[in-house]
Amino acid sequence: MLLIPLGDTAGKLMTSSGIAPFFVAWTRYLIGLVVLLPFAMHKDAVRLLSNWRIWLRSSIQVVTITTILTALQTEPIANVFAAFFLGPTVSYILSVTLLKEQASAMRIILLAIGLGGVMLVVKPGFGMTTGLAWAAFSGCCYGMFLTASRWVSPLGKPVHLLITQLFIGALLLTPLGLLNLPPITPTLSGLVVWSAIASMLGNLLLVFAYARAGASVLAPFVYVQLVGATAYGWLVFDNWPDGLSALGLVVIFVSGFATLFLRKSKPRTL
């Protein structure tokens with residue numbers, strides 16, 4: 001979860017300088033595919049490509065990545081990730097309703113508090129920008145992707161699931177990536193590699209995690225991204241959230257962190 005905002009930090013450096021989000025997303029998938037392919041080339045990975053659920057999950061992630069990169073063009077990275085944290089709530093609802101995972105009253109309360117923190121940052125109706133709207137939409141897509149990751153985890157090994165994810169993403173984005181191809185410079189090349197490798201490693205670990213635990217249990221762990229996003233925003237862009245946004249970030253993190261301890265005691269179920 002610390003690797004994912006690290007990759008998006010490089011993405012923001014590119015998109016905020018005028019590089020198209022489609023190009024950044026495409027190269028992220030393509031480089032990740034090239035790096036991982038020698039370790040994951042297997043008939044089982046090819047077999048997975050015939051399953052429509054694999055294509056649906058990967059398509060959701062393509063939308064998630066392109067929309068968060070669009071948000072990063074104009075918004076501070078910490079604020080983008082705060083709006084992005086609609087994802088855990090969406091993931092929890094879908095995991096309980098579609099995957100029939102056990103619901104916990106206390107977890108629902110804490111997720112609702114976290115959602116309130118998101119609203120403090122996004123400010124719907126009285127200060128919400130287009131960039132934050134894209135981030136919120138990306139967060140909803142991310143929630144669907146998290147649940148879909150649990151949904152497809154029994155279909156194959158984590159590394160094979162990731163290679164299909166990278167292949168499908170690269171395939172779908174190739175036309176848009178080529179149409180938005182910028183002049184290639186050493187600086188741009190370094191940022192592209194940085195973005196792709198950090199994202200690939202983060203998603204590889206995510207696939208391993210969802211193969212071992214329920215989506216509703218793992219959803220709170222995405223809050224760790226807030227720590228990375230805030231730190232990277234300060235170190236790289238000298239951005240610090242305003243007072244209301246900072247309060248929202250604290251609320252989101254504390255509510256998310258608190259859910260990690262719910263597993264230590266038997267939850268009150270609904």
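L249 is buried, with a relative accessible area of 10%, where buried means under 20% relative accessible area, exposed means over 50% and partly exposed lies in between, for a 1.4 Å probe and protein chains only. This residue belongs to helix α13, residues 243–259, and helices here are DSSP runs of H or I with at least four residues, strands being runs of E with at least two, numbered from the N terminus. The model is predicted, so local features need pLDDT of at least 70 and side-chain atom pairs count only at pLDDT 80 or more, while totals for chains, interfaces and linings use all residues. Residues are numbered from 1 along each chain as its sequence is written, and side-chain values use heavy atoms, with hydrogens and water left out.

- Leaving aside neighbours within four places in sequence, L249 is in contact with A78, A82, V121, L226, T230 and P241, contact being defined as heavy atoms within 4.5 Å.
- L249 and S95 are 154 residues apart along the chain, and their C-alpha atoms are separated by 25 Å.
- L111, which is found in helix α7 (residues 105–122), is buried with a relative accessible area of 6%.
- When residues up to four places away in sequence are not counted, L111 touches P88, T89, Y92 and Y223.
- L111 and K43 lie 68 residues apart in sequence, and the distance between them is 40 Å from C-alpha to C-alpha.
- L13, in helix α1 (residues 3–15), is partly exposed, with a relative accessible area of 26%.
- L13 touches L191, W194, V236 and F237, again not counting residues up to four places away in sequence.
- Although L13 and L188 are 175 residues apart along the chain, their C-alpha atoms are separated by 9.3 Å.

- The buried residues of α5 are I77, A78, N79, V80, F81, A82, A83 and F84.
- The axes of α5 and α12 come within 8 Å and cross at roughly 160 degrees, where axes are lines fitted to C-alpha atoms, for helices over the stretch in contact, and angles run from 0 to 180 degrees between N-to-C directions.
- The two helices α5 and α12 are therefore roughly antiparallel to each other, since angles over 145 degrees count as roughly antiparallel, those under 35 as roughly parallel, those from 65 to 115 as roughly perpendicular and the rest as oblique.
- On the α5 side the contact is made by I77, A78, F81, A82 and F84, and on the α12 side by Q225, L226, A229, T230 and G233.
- The residues of this contact of α5 with α12 divide into seven nonpolar, three polar and no charged, with Ala, Val, Leu, Ile, Met, Phe, Trp, Tyr, Cys and Pro counted as nonpolar, Asp, Glu, Lys and Arg as charged, and the others, Gly among them, as polar.

**Helices α8 and α10**

- Helix α8 (residues 130–152) packs with helix α10 (residues 186–210) at an angle of about 55 degrees, and their axes are 8 Å apart.
- With that angle, α8 and α10 are therefore oblique to each other, and their crossing is right-handed.
- The contact is made by Y142, F145, L146, S149 and R150 of α8, together with N203, L206 and Y210 of α10.
- The residues of the contact of α8 with α10 divide into five nonpolar, two polar and one charged.

**Cysteines**

- A search of the whole structure finds zero disulfides, a disulfide being a pair of cysteine sulfur atoms within 2.5 Å.
- C140 is in no disulfide, and the nearest cysteine sulfur, that of C141, is 6.9 Å away.
- C140 is partly exposed, with a relative accessible area of 28%, whereas C141 counts as buried at 5% relative accessibility.

**A backbone angle in a loop**

- Most residues other than glycine have a negative phi.
- D238 has a positive phi of about 55 degrees although this residue is not a glycine.
- The place of D238 is in the loop between α12 (224–237) and α13, and D238 is exposed, with a relative accessible area of 64%.

Key
Left-handed = near helix turned anticlockwise from the far one by under 90°.
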